[in-house]
Every structure is written in structure tokens, then in C-alpha cells.
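Colleague: I would like to learn how to read helix packing and pockets from a set of coordinates. Could you take me through it with an example?

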Amino acid sequence: MPSAEKYFTLNEIALMSLMGGLVFVMKTALRMPLGIPGHTGIFLVIPVIIGVAIIRKPGSGTYIGLVSGVLLSFFGISGMHVFDVFLYTALGASIDAAGYVFRYRMESVPFGVLAGIAGNLAKMVVNFAVNLAIGVPLVVVAVGAGISSISHVLFGALGGLISAYLVARLIKTGVISRDATGADCNDS
């Protein structure tokens, strides 16, 4: 029986798992009591964007988000507890989609910023959907969405900006290898 080729290599799975774990560590270690909605997006989108930029395969961001969501749900770090799986999977899936649309050129500042915004806003939208599903009145959610969306965009953009810089440095130092066309050097 012929062996089926694996979609993700063992190295890619290990890297994605480490990036998901890094999201968990950053969420727990970098607690800043700012009281501004979405402020954690400035550092939570960074490992996901970097992971998607390195792996360059659809599904990588979703996997990273799922790993971080499972860890956060299991340890009950935030107030959403079990629903963190949905929040962080949405964050990863939206960055995954942005990476695919932008052809994984996350070193580009506009693409990195837009991926950060997409990730942080997706997390916010799922958070509001979960709040509605558990019975929070629509008026409360709608009022919170106005101010929250502005801060989520701002902090997601800042995280995306930092990510774009880091990915560009990783490419420049040769950690991520790409030729002049932007393709991986080991692509066939």
C-alpha cells in the first residue's frame, strides 16, 4: 500500500505547536491591567503571523489558534474559559486567510498590519457572538462593539506592524529563505 504524503511535516507541526504555546505564554505572562478592550492583540497576533509566514500553508494559522485556544481553555486563564477555543481559532483562521490572500508576504508592512487587524477583529466578533449566545442583551453587546472595534483595530495593527518587522528580519538573516520572487527556496 503506498504511503500518503503528509500535509504538514513533523517540523512544521512542532513549530506551529510552539507558536500556539507562545500565544498561551504571552497571554499569561504579559498581563497588563489597562482596561482597554483588545489590548492583548498587540502581542497575541505576533506568533500567529510569524508562524503563518514561516509555514506558508493554508491551515497553519488555524492550527496555531486552536493550540493556543485549547491551552487557554484548559487552564482557564481568561473570563471566557471554555469559549477561548473559539476565540483563538477564529484569530488564527483569519490570519490564515489573510496570509493566503496576501500570498504569505507578511514581511510587507501593509499586509502584516491588515493580518493583525483581521486576527484581532475576528477574536472580537467571536467574543461578541459568544456573549450573545450565552444571553448577554444585544444592547450591551452593541454599545461595547463601537469602542471595542476601534481599540481592536489599533492594537491589531500595532501587533501586525511588529510582526512585519520581525518577519522581514527573519528573512534578512536567512531564517526564512525566499528567492527574489517570494517563493520558498526549497519549493520544487
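This is a predicted model: local features need pLDDT of at least 70, side-chain atom pairs count only at pLDDT 80 or more; totals for chains, interfaces and linings use all residues.

Colleague: How is a pair of packed helices described in general?

Modeller: One gives the angle between the two axes together with the distance that separates those axes. In this structure, the axes of α4 and α5 come within 8 Å and cross at roughly 150°, and these two helices are therefore roughly antiparallel to each other. Their crossing is right-handed.

Colleague: Which residues of α4 and α5 make the contact?

Modeller: From α4 come F86, L87, Y88, A90, L91, S94, I95 and A98, while α5 brings A115, A118, G119, A122, K123, V126 and N127. Sorted by class, the contact of α4 with α5 has 11 nonpolar, 3 polar and 1 charged residues.

Colleague: At what angle do α2 and α4 pack, and how far apart are their axes?

Modeller: The angle is about 45°, and the axes of α2 and α4 lie 10 Å apart, which makes α2 oblique to α4. On the α2 side the contact is made by L44, V45, V48, I49 and V52, and on the α4 side by Y88, L91, G92, I95, D96 and G99. The class count for this contact of α2 with α4 is 8 nonpolar, 2 polar and 1 charged residues.

Colleague: Where do the axes of α2 and α3 stand relative to one another?

Modeller: Helix α2 (residues 41–55) and helix α3 (residues 60–75) have axes that come within 8 Å and cross at roughly 145°, and the crossing of α2 past α3 is right-handed. P47, V48, G51, V52 and I55 of α2 meet S60, G61 and I64 of α3, and this contact has 5 nonpolar, 3 polar and no charged residues.

Colleague: How many residues of each class line the second largest pocket?

Modeller: Its lining has 9 nonpolar, 10 polar and 3 charged residues. K123 and N127, listed among the residues nearest the pocket centre, also belong to the contact that α5 makes with α4.

How values were computed. Residues are numbered from 1 along each chain as its sequence is written. Side-chain values use heavy atoms; hydrogens and water are left out. On a 1 Å grid over the protein atoms alone, a cavity is a set of points where a 1.4 Å probe fits but cannot get out, and a pocket is an open set with protein on both sides within 12 Å along at least five of seven lines; lining residues have an atom within 4 Å of a point. Ala, Val, Leu, Ile, Met, Phe, Trp, Tyr, Cys and Pro count as nonpolar, Asp, Glu, Lys and Arg as charged, and the others, Gly among them, as polar. Axes are lines fitted to C-alpha atoms, for helices over the stretch in contact, and angles run from 0 to 180 degrees between N-to-C directions. Helices (H or I, at least four residues) and strands (E, at least two) are DSSP runs, numbered from the N terminus. Angles under 35 degrees count as roughly parallel, over 145 as roughly antiparallel, 65 to 115 as roughly perpendicular and the rest as oblique. A crossing is left-handed if the near helix is turned anticlockwise from the far one by less than a right angle, and right-handed if clockwise. Contact means heavy atoms within 4.5 Å.
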